[in-house]
Structures are given as C-alpha cells and as structure tokens.
Amino acid sequence: MRTSLDINVNGLLLLLCGVNLAGTLGYKPVIIVHGLFDGPKQFLMMSRLIQEAHPGTNVSVIDLYDNMASLKPLWEQVQGFKKLLYPIMQEAENGIHLICFSQGGLICRGLLSTLPDHNVQSFISLSSPQAGQYGDTDILKMVFPHYLKARVFHVCYSSVGQKWSICNFWNDPHQRERFLKSSNYLALLNGERPHREITEWRKNFLRINKLVLIGGPDDGVITPWESSHFGFYDINETIVEMKNQEWYGRDSFGLKTLHARGDLAVFVLSGVKHSYWHSNETVFRDCIEEWLT
C-alpha cells in the first residue's frame with residue numbers, strides 16, 4: 001500500500017526552495033479517492049488543476065484497491081483507505097478536503113461515518129451513487145455479463161454477492177425487503193436498517209463543514225443519475241428527490257441537518273460523461289475549486 005503524491009513543477013520548485021506557499025495562503029491538503037476500476041493515473045488532470053488554482057497544495061491520490069481490486073467489499077476498502085488517510089489527517093492541523101469519485105464517494109461516507117475524530121472540511125462527492133445504483137449500464141455488464149438489472153438482485157442480495165463492492169450499493173426498488181435485509185453497507189449508512197452505532201455514525205458524519213454533491217443527466221453510468229444528489233427510484237421507477245426520501249425526513253445520518261445549516265451544495269452539469277468528471281476543467285472551476293481553501 002502506498003500514497004501517490006502529484007505535484008506540478010511550480011509546486012515542486014516552491015517546496016525545494018523551502019517556501020510553504022500552501023501554508024501561507026491557508027490551503028488545506030486534498031485527498032482524492034478513486035472509483036470503480038480506477039486508480040491514481042486517472043486523476044493526474046485533477047491534481048494539476050488543483051495545483052494551478054492553489055499552488056503548493058498537498059494533493060494525495062490514494063493508491064489502493066486500484067482497478068479490479070476495487071471490486072472488493074466496501075467495508076474492507078474503508079478500513080484500508082482509513083489506514084492511509086488517518087496519518088494525513090493527523091498532520092493537517094487545520095483539516096483536509098476530500099474529493100471522492102463515483103464508488104469512492106460511498107467509501108468516503110463509510111470513512112466519515114466511522115472516524116470519530118476526522119477533520120474533513122469539505123467532502124466533495126463527484127458523480128457518486130449516494131442513494132444506490134440500479135441500471136443496465138456498461139459497468140454492470142462488465143461485472144455481471146449474463147444479467148439484466150431486474151435479475152441482479154439474485155446475486156447481490158446474497159452473502160456471496162455482498163462480497164462485491166457493486167452489490168454493496170445495488171438498490172433494486174422492486175426488491176425493497178430483500179435490500180433492507182441483505183445490504184450490509186448502503187442500508188446501514190443510510191440508517192435504513194437499524195444498528196447500534198447509528199447515532200455515533202450520524203455524529204461523526206456531521207463533523208464535516210461542507211458536503212458538495214456533483215452530477216448530471218448525461219453521466220451514462222450512475223443510474224439514476226439523480227442518485228449523485230441522493231435522489232432515487234420508487235417502485236414505479238419514478239425519481240423521488242432527496243428531500244422526499246424517508247431517511248432524509250428522519251435525518252437518520254445527518255443530511256437534513258447539513259442542509260438546514262446551509263452546509264450542502266448541489267451542482268447539476270449537463271454534457272459530462274462519467275469518466276470525464278475528474279478531468280473536466282469546467283467541472284473543477286465551477287463546482288470544486290471554491291471549496292479547496
């Protein structure tokens with residue numbers, strides 16, 4: 001396990017000269033957590049954009065559970081990422097920022113819920129299926145080539161299926177009871193399935209200063225795309241927006257509280273395909289840059 005630190009030429013020269021520009025300007029370290037079938041190399045552009053906007057920023061792209069290893073169970077990944085993130089947090093007196101892409105956004109929720117002393121200032125969820133996934137996309141066909149979305153629950157809602165990351169957030173609106181009984185990740189994070197740590201997890205999650213949700217209708221992978229904003233299908237596959245979700249009304253993991261205190265920012269961008277969110281300069285300038293100070 002190792003951490004990949006991407007620094008552009010200007011930032012490196014500043015560090016070599018002993019100039020702590022990031023500290024002078026108040027830029028906090030940024031940690032990036034990749035998504036399904038991704039790794040650090042997909043985030044070179046994002047690292048460069050951060051460095052150009054905020055020279056000298058410590059940008060860490062976590063090199064762990066890359067590519068096919070990203071299919072491992074999400075709780076296992078949470079524990080692995082936690083071991084690498086926690087030392088960075090401890091060294092950052094004024095806190096850090098998290099940018100978490102796709103499946104990585106759910107891993108980051110697991111981190112934030114189970115770390116009682118984290119110091120994350122901004123949690124930026126970049127096209128992440130926060131309310132779950134249910135759709136016949138290319139990603140699904142890669143993992144389950146012989147199944148359509150209506151049949152995937154046979155695999156996912158089993159003890160074997162829950163050992164695959166994608167099954168940890170597969171949310172079939174037509175199999176609600178099976179989801180609540182079998183989901184050992186998303187149903188717990190959302191507080192849809194009661195557990196003894198739900199109050200503590202909510203308290204931990206609310207330590208963040210800002211939650212930023214980014215997604216759009218042309219994503220092509222996150223299905224429904226509104227899941228990136230905590231919206232999801234009902235049994236008729238009609239979108240129920242975040243505010244009308246039962247767990248939002250009960251404020252089971254703190255989302256309603258974040259919204260009420262003005263610490264929830266939501267961005268919708270058209271024309272961005274899933275694999276381009278982290279390399280699109282407009283996305284960075286309009287939705288991400290302002291939160292990384």
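Author: In a right-handed crossing, α3 passes α14. The model is predicted: local features need pLDDT of at least 70, side-chain atom pairs count only at pLDDT 80 or more, and totals for chains, interfaces and linings use all residues. Residues are numbered from 1 along each chain as its sequence is written, and side-chain values use heavy atoms, with hydrogens and water left out.

Reader: What makes α3 oblique to α14?

Author: The axes of α3 (residues 44-53) and α14 (residues 281-288) come within 10 Å and cross at roughly 50 degrees, where axes are lines fitted to C-alpha atoms, for helices over the stretch in contact, and angles run from 0 to 180 degrees between N-to-C directions. Angles under 35 degrees count as roughly parallel, over 145 as roughly antiparallel, 65 to 115 as roughly perpendicular and the rest as oblique, so α3 is oblique to α14. Contact, meaning heavy atoms within 4.5 Å, joins M46, L49, I50, E52 and A53 in α3 to E281, F284, R285 and I288 in α14.

Reader: How do you know that α4 and α5 are roughly perpendicular to each other?

Author: Helix α4 (residues 74-91) and helix α5 (residues 103-114) pack at an angle of about 70 degrees, with their axes 9 Å apart. That angle lies in the range for roughly perpendicular helices, and therefore α4 and α5 are given that name. Their crossing, too, is right-handed. The residues that meet there include W75, V78, F81 and L85 in α4, with L106, I107, G110 and L111 in α5. Within α4 lies E76, whose C-alpha atom is 9.7 Å from that of I107, 31 residues apart along the chain.

Reader: Why are α5 and α11 called roughly perpendicular to each other?

Author: The axes of α5 and α11 (residues 198-205) come within 6 Å and cross at roughly 105 degrees, and therefore the two helices count as roughly perpendicular. Here R109, L112, S113 and T114 in α5 meet E200, W201, N204 and F205 in α11.

Reader: What makes the charged end of R109 one that sits over the ring of F253?

Author: A charge sits over a ring if NZ of Lys or CZ of Arg is within 6 Å of the ring centre and within 35 degrees of the ring normal. The charged end of R109 is 4.4 Å from the centre of the F253 ring, and it is listed as sitting over that ring.

Reader: Why is the aromatic pair of Y134 and Y233 called edge-to-face?

Author: A search of the whole structure finds 12 aromatic pairs. In the pair of Y134 and Y233, the distance is 6.3 Å centre to centre and the planes are 85 degrees apart; rings of Phe, Tyr and Trp (its six-membered ring) pair if their centres lie within 6.5 Å, with planes under 30 degrees apart counted as stacked, over 60 as edge-to-face and the rest as tilted, so the name is edge-to-face. The pair links distant parts of the chain, 99 residues apart, with Y134 in the loop between β5 (120-126) and α6 (138-143) and Y233 in strand β7 (residues 232-233). Y134 and Y233 also belong to one aromatic cluster with W170 and F232, and both Y134 and Y233 are buried.

Reader: How do you know that D251 counts as buried?

Author: Buried means under 20% relative accessible area, exposed over 50%, and partly exposed in between (1.4 Å probe, protein chains only). D251 has 11% relative accessibility, so it counts as buried. D251 is found in the loop between α12 (246-249) and α13 (255-260), and, leaving aside neighbours within four places in sequence, it is in contact with R202, K256 and T257.

Reader: Which values place F37 and N67 in their accessibility classes?

Author: F37, in the loop between β2 (30-33) and α3, has 17% relative accessibility and therefore counts as buried. N67, in the loop between β3 (59-63) and α4, has a relative accessible area of 40%, which means that it is partly exposed. Each has a positive phi in a residue other than glycine, near 65 degrees for F37 and near 55 degrees for N67.

Note on methods: Helix = DSSP H or I, 4+ residues; strand = E, 2+ residues; numbered from the N terminus. Left-handed = near helix turned anticlockwise from the far one by under 90°.
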